[in-house]
Structure formats: C-alpha cells, structure tokens
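Please work through each task before reading its solution.

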Amino acid sequence: MTAAVVTGIGVAAPNGLGKDRFWAATLRGESGIRTVRRFDVSSYPSRLAGEIDGFEPTEYLAGRLIPQTDRMTQIALVASDWALADAGVEPGTYDTTEMGVATAGASGGLEFGQRELANLWSSGPQHVSVYMSFAWFYAVNSGQISIRHGMRGPTGVMVSDQAGGLDALAQARRNVRKGTRLILSGGVDSSFCPYGWVSRMSSRSLSTCDDPRSAYLPFDARAQGHVPGEGGAILVVEDAQAARSRGARPYGEIAGYGATFDAAARHGGGNGLRRAVEAALADAQAAATDIGVVFADGSGTPEDDRIEAETIAAVFGPGAVPVTVPKTMTGRMNSGGAPADLACALLSMRDAIIPPTINVRTIAPGYEIDLVIGEPRPWQPGAALVLARGKGGFNSAMVLRATAQVPGATA
Amino acid sequence: MSGRRVVITGLGVVAPGGVNTKAFWEAITSGRTATRLITAFDPAAFRSQIAAEVDFDPVQAGLSHREMRRLDRAAQFALVATRESLSDSGLEPGRLDPTRVGVSVGSAVGCTVRLESEYLVLSDSGREWVVDNSYASPHLYDYYMPGSLAAEVAWEVNAQGPVTMISAGCTSGLDSLGHAADLIREGTVDVMLAGGTDAPISPITVSCFDAIKATSPGNDDAAHALRPFDRTRTGFVLGEGAAMLVLEELEYARARGAKLYAEITGFASRSNAFHMTGLRPDGAELAAAVTAALDESKLPADAIDYVNAHGTATKQNDLHETVALKTALGDHAYRIPVSSIKSMIGHSLGAVGSIEIAACALAIDQGIVPPTANLNEPDPELDLDYVPHQAREQHLDTVLTVGSGFGGFQSAMVLVRPGSPA
Amino acid sequence: MRQITLRELQDIMRECAGEDESAQPLEQAADESFVDLGYDSLALLETQSRVKREYGVEFSEDDLASITTPREFVDLLNTQLLAA
C-alpha cells in the first residue's frame, strides 16, 4: 500500500503568518494572544484570543474573491497557496483529476453569516448577499480551494469539533491510497465575531482570565479553560512514490491514525482517548518507545487535562516522552488547531527541536507527563504523535514518521 | 485490503410526506408531492414561499422534553431516524462491541434553525452587532459546532468508534454513506450508523437561495413546483428531513441473520473545480464519479438498472446531469429509468443524498422504481426515460445514485441487490 | 430624472462583487461581455439586487438573462427608470 507523505506546509497563525514566521515565533515561545480587537469584546467575561494581525486579503487574493469569502476562507486560500509553493509542485505535474481536497470545518464562515443574518433581520430578505448561499457553510473552504487550484479529484469536508483536522488528514491519506496523487488538507477557522464569541463562551470552557500569560494553561495546576484562536494550516499530502518521482523532499509520512468516541455518561462513561492512541500506534506499526514527542490536545480544562495526562502516562510510561502544547501561543483554533500541530510536529522533525509550551509553570499534581516548558528542547527525530479532541467525546490521534524512515522516500 | 463488503441492514427516514420509512416509501411510490406553502414561518416577504416540510411532532416522534430543548430540528430528525433504523436492523446496541461501531452524519447547514432563532434573541432581532451574552442558551455551542449532530447519534447507539459529520453541501448525505462504507471496508468498524440530516427551512436559508434564484417561485402551485427534467422547470423547492441507515460488514450481518437491503459496492467523489454554484454543461466530473464508482464495483455501465437522479429541477442541473449520465453510461442511459424523488420530497440539501440511498435500497428490495412527479412537458434537450408520474414495478439488481453540490462536489454511489449475480 | 452612468455601475459592481486590480473601467469596456470582464452570474445577481434596492428597478429574469454587456445593463436600467 502506498505511503502518504506531507510535502508542503502553509500556516496562518496568531503568532506568525507563513510557515517560517510561525515556526520561528513558536520556537521563541512568542505568543499571539491578547485582547480581542476584531469586535468590541469588553462586555464579555472572556476577552482574550489569538488573532492574526496584518492579514490583508487584497495582498494575496483577487479583488473578486473578497466579497464572497469569509475571513477564514480568505486565510485558507492563502495558506493553500503557501502550501503548494512550499511543496514546489510545478504546474502540470499532475492532471487535475489526480488532485483533491480534504479539509476540516468546524464553525464555518460565521462572521459572514452574522452580517447576513443582521442584513436579513434588520433590513429584509432582499438585503441578503448572493454569496451567503455558500460563504458560511462548512464545505466552503474545500470548494474554494478546489476551484482556486483546479483540483477535480475527490473533495470532502469533515466536521468533528477540534478533532476534525486529524480526521481530514486521515481522509487525505485514504484518498492517496485509493489513487489520488495529491490532496490539499488541513483546516482553518476564525468566526471572530460577537455571535461566534458568545457561542464559544456557552461551552463554559473559555478562560475568563484577562492576563494572556495566565489564561490558557494546559496541564497546569491553575488551568481554568482555554483561549480561542483563529487560523490553521493547509498541508500538501502526496503519494510517496509520486513525490519521489518529482524530486520532492517530504517532511514526513502520515504513518498511523486512530479515531474514537467517548462513551456517553448514560452508557457508563469511559474515555476513548487511549484507544485512539493505541489504534494510531498499531496502524503505524509503531511501539510506544518509537514515539519521541507528543503534541497534546491541551484542553486547558482540568478534567480533560487529567484524562489526557493519564492517557499519555499510561501508554508511554510516567514522564517517559516529551509532551508539548504549542497552542498555548495561538489559542485553540477549532479545525485549524490540529493541522497547525501537525505542521509543528513535522518541523520539529526537520529541525530536531521540540517547541515549548508557554506560560505553564507548575504541572498539576498527579500528571505524570514530561511537559516541555520554558525552552524548546532538542530531540533525536523519530516519530511524533499528535492528539486532538473535540467536545462531546471526539478523540483523534495521528502518528507522523520522519522522512528518512519512510520506505523509498528521499532522505 | 481484505475482502470486506458493506451492506445496508436498517433504514430510518424522516421525510416530507412520511415521518417513517413506510410512510415515506408509500408517499413517493404513489407519486404524491409534499411541497406546499411554508408554514414554519410567514413566507410572504420571500421570493420562494414554498417548501417540503416534515409534519413533525417531536412528542409523537418519541422525543423527551429535554431532547426537544437541547436539540436543533436537524438533530431531532437524526435521532428519530437513528432509532428507527436501529430497530429496523434488529441490532441491539447493548450487545455490540461499541468500539467497533461508528457514526457518519451528513449535513450541509448543520443547526441553522437554532443558530438563527438564538441569533434573534441575542441580537434583539438583528439590531445589535455585539450580541447579548446573558441570553445565550447553554446549548448554543452545539449549534455553533455542528459535529454535535454526529455526537448525538453516537450517544444514542453507544458508538465508540470513529464518529464524524460530513459536510459537503448537497452531496453530504451521499458522501456520508461513502465514508461509512470506507471505514467498514478498512476494518476499523463492523457497524456504522450513517446518513444525513438537514432542517434548512429557516428565513436565512430561504433568503440565500432566493438571492441566487435557485429555488422555485412557483408559489401559486406549490404541489407542482419542483419539476425535474421538465421544459418549464423553475428551480428546486427547499426540503428538510433525515435518513439514517445501518451499515454492516457483510459476513457480520450474515452471521446474525440480518435482513440485507442492498450492498454498497462503489462510491466516488469528484469536484468540478469550476464555480461555487455554477455547473459546466459537459458534466465531466459527475461522469467521472459515476465511472469511478462503477470501477470500484467492478461493474460495467450496462449493469445499471436504475438511476436515482440528483434532479433538482434547476435549468443547469438537469442538463448537467443528463449529459453526465450519457457520458458515463453511453447508450445504456437511454435504456434505463432515471427518476428524481426530489420532485416529491423537495431538496433537503445534506439529508437528501441519504434519503435517496434509502429509496434506492427500498427500490431494490421491493422491485419498484419511484417516479419523477410533475414531469408534464419533457425538455426536448433531456431525452432519457425519467419515469413520469407513475412508479414502475421492475426487478432491480444494480442501482446508481448521483449528487452535485455547491462548492463543486460531484458524487456517485452504486448499490447492488444482495445475492445478485452482479 | 434619475439615470445611471457606466461609472456608477462600476462603483456598484465593485462594492457587490469586488474588482480585480487589472480591471478595465467599464466606460472603456462598455461593449465587452461581463464574462470576459470577469463578472460571473452571481456578480450580476448581486448587482441587480442592489440596483433594485437603490433605484427601485427590477429586471425580469428574461431581461437579466439577456444582458451580456455593461452598456446593455445601463441602457435597460435607464429605460426602466425613464418609464417609472
């Protein structure tokens, strides 16, 4: 069965626009979290977010695209451009039918949607934009990306809260195995508008702390919720042999994947994260000892932190593997979070360095994890595990393997 | 991959004209249309004032008051359909290994009904941009992040395998079943609750289809407004509903003596990469999806006995689809019935693909081809046999269903009678 | 008597559907097709919707389907404004 490798990375995050800026900022422990500026947040109990500064869509996109796209789609399109450029795919390498798209959605283009809802209800149906028929729905990024890059192969959208990003990459691998040569995959989210904000707050998982250095502290004794972020990543997933034939240098292989769902309380409860991890390891034919770093979901809600810490300790042994949460610098980016973590994992393999978790100082008692705090940490690149969880019980896990270990891939 | 195969063993449908599978099938095989003037709200200010609504009484449908409070209408449909399909399949969740059960729910617009109604409260009818947090429902997050639709189904059946929502516009319901079939074939799960749900009959969705003039303004004759393949067609009529199907690995189903409706032998997705709402008349990518689905099924084009069409009755779709079918099936396209049940149940976006698959399973099981209603004046450019008005008895071994969606999605699935030589 | 110019149409279209940097002024491209100028059916629908709200004129669907150039749009709109 053919391998699926990642050959290109495009990232747009609150602490860096573009893969290089994002990665450099991440290694420096630079946070993009501060008080929301996009709308007046002052009346809300939660006021911090990771917002992307300095993204001017007209710098990257034709004027024609602007009225018909929510901010998150604009960012996704630009990230997709960057990913393809990073992969160095020459036009004409693949036929249009050999390329597809698989993105994760989460909240859709809700800023666009809130504007149109406002138009409808304050002015009337005739004030609703023609573009509303697609601009706010979850499928929009996949659709617009496929049009922009002329990709006529399989195209899909997965929605599973904050776990969806890994599910989309798994779908990309599935399609590569079925014969598609190249898939643009990942997720980008924003919905930084009052309605999106209030919606997030109703989960009761948002931190109400006003200090960016203390608001989002996964695994910390003081954990009291998370901070939202906007942005994400688009990755180029390719058939390993096709990538090799065109001389591409993959970042790494999507080696294993597992997805589970927690048992509902009414069925006795029971967490599924460990099964997802074990499934991903088995799928990668990897032992726990092969994993050199875990990019944790890092919920920031004590109960979820506890489950994740216990799971990691149980699978790998107490303190046995470095764990990190670079999301502490960006906030939780809905469908964009896990793809950004995948980007970090791949870059940490490339550069043999693990990014830090910032702001966390004291790991909660009983969490037997080796959290990388303070400084980035060198490692011997091996395999990385990325975890993503979603409200309701979604658990996804993905194992990435460094390129040198991919059979037949260029070192 | 091993030789794992996927069969449909249970059906649950909530559709306009039929709040359960039996009523739904009876309605569409008698050619009865469910399109009417919108009753969910006052449609007077809208261009298209009609819809195919489900006469849904949540209490009668078995929902508790907490479920009614918590769940968006689309989630309510999905839950009711899930319960019916589970019961139909004979599977008992308590006796399944939950880690081998997954869920895939397709939806295009998620929890729009509740998102809109909550918005009205929080924004004071659109007057305030900075909406008032103090009125927010504790369930608002679940409407905002509609993966909750899949979560609800998972809780209902205690699925602890992979659970996801598929949101690819109007092909969501089809793609959801394709995804579920993939997971079973891969060996990750043995059972999937798979389907689609949408409840888009809400002012914001009605407005956005009004804006692009995609929906029919045939308000004076609602019952006949959705006229697929007809020369006088004027667009689609918004519908709502859900279908949830139980999918099982074939040997697993056989071992327990399950009733097998149909086997899913092939599925393919393509994109026209052309325009978010427009279609190129050559239908090339839909044709490619059909061909790929046939290839996966290891079947030739002339194995198809019936095509369940996308048939939305827009000028562009019906032509696009007809050309695509001719391209993919050649002359054989002329020899088989092609019908659109949207003529009767409306277009329920992300749900309809699953409802149509349920119809295909029943068509195979019962040997009846549902008709295309309202087809009085065939468009001369569209010259296939669209089964006007009357259902037809016909033994079916192999059925093709297709869909196209905003965003360029083009999908196709092949279903086969269990035990047929195909 | 309200009449609209090509320049005003361009302003409306830019607001409704955006405009690429390389776009020609409609005054110079009045007889080129909207398609060639990069305006799709949605752009026209949105423009029409705005025109209806601001000028009170709505084209029939047949009329709208028959308009292919900026000049045709302006001429039809101005004819209907005169008649109103």
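**Exercise 1: Cysteine pairing**

The sulfur of A:Cys193 lies 16 Å from the closest cysteine sulfur, that of B:Cys111, which is too far for a bond. The model is predicted: local features need pLDDT of at least 70, side-chain atom pairs count only at pLDDT 80 or more, and totals for chains, interfaces and linings use all residues. Residues are numbered from 1 along each chain as its sequence is written, chains are lettered from A and ligands numbered from 1 in the order in which they are written, and side-chain values use heavy atoms, without hydrogens and water.

Task: Determine how many disulfides the whole structure contains.

Solution. 
1. A disulfide is a pair of cysteine sulfur atoms within 2.5 Å.
2. For B:Cys111, the closest cysteine sulfur is in B:Cys208, at 16 Å, so the distance is too far for a bond.
3. The search over all chains finds 0 disulfides.

**Exercise 2: The contact between the chains**

Task: Describe the contact of chain B with chain A.

Solution. 
1. Contact (heavy atoms within 4.5 Å) involves 75 residues from chain B and 77 residues from chain A.
2. The two chains bury about 6200 Å² between them, 64% of it on carbon and sulfur atoms; this is the accessible area (1.4 Å probe) lost on being put together, summed over both.
3. On the chain B side, B:Trp129, B:Tyr144 and B:Met276 lose the most area to chain A, together 13% of what that side buries.
4. There are 5 salt bridges between chain B and chain A, each a side-chain nitrogen of Lys or Arg within 4 Å of a carboxyl oxygen of Asp or Glu.
5. A:Arg266 and B:Glu156 form a salt bridge through their side chains, at 3.8 Å from N to O.
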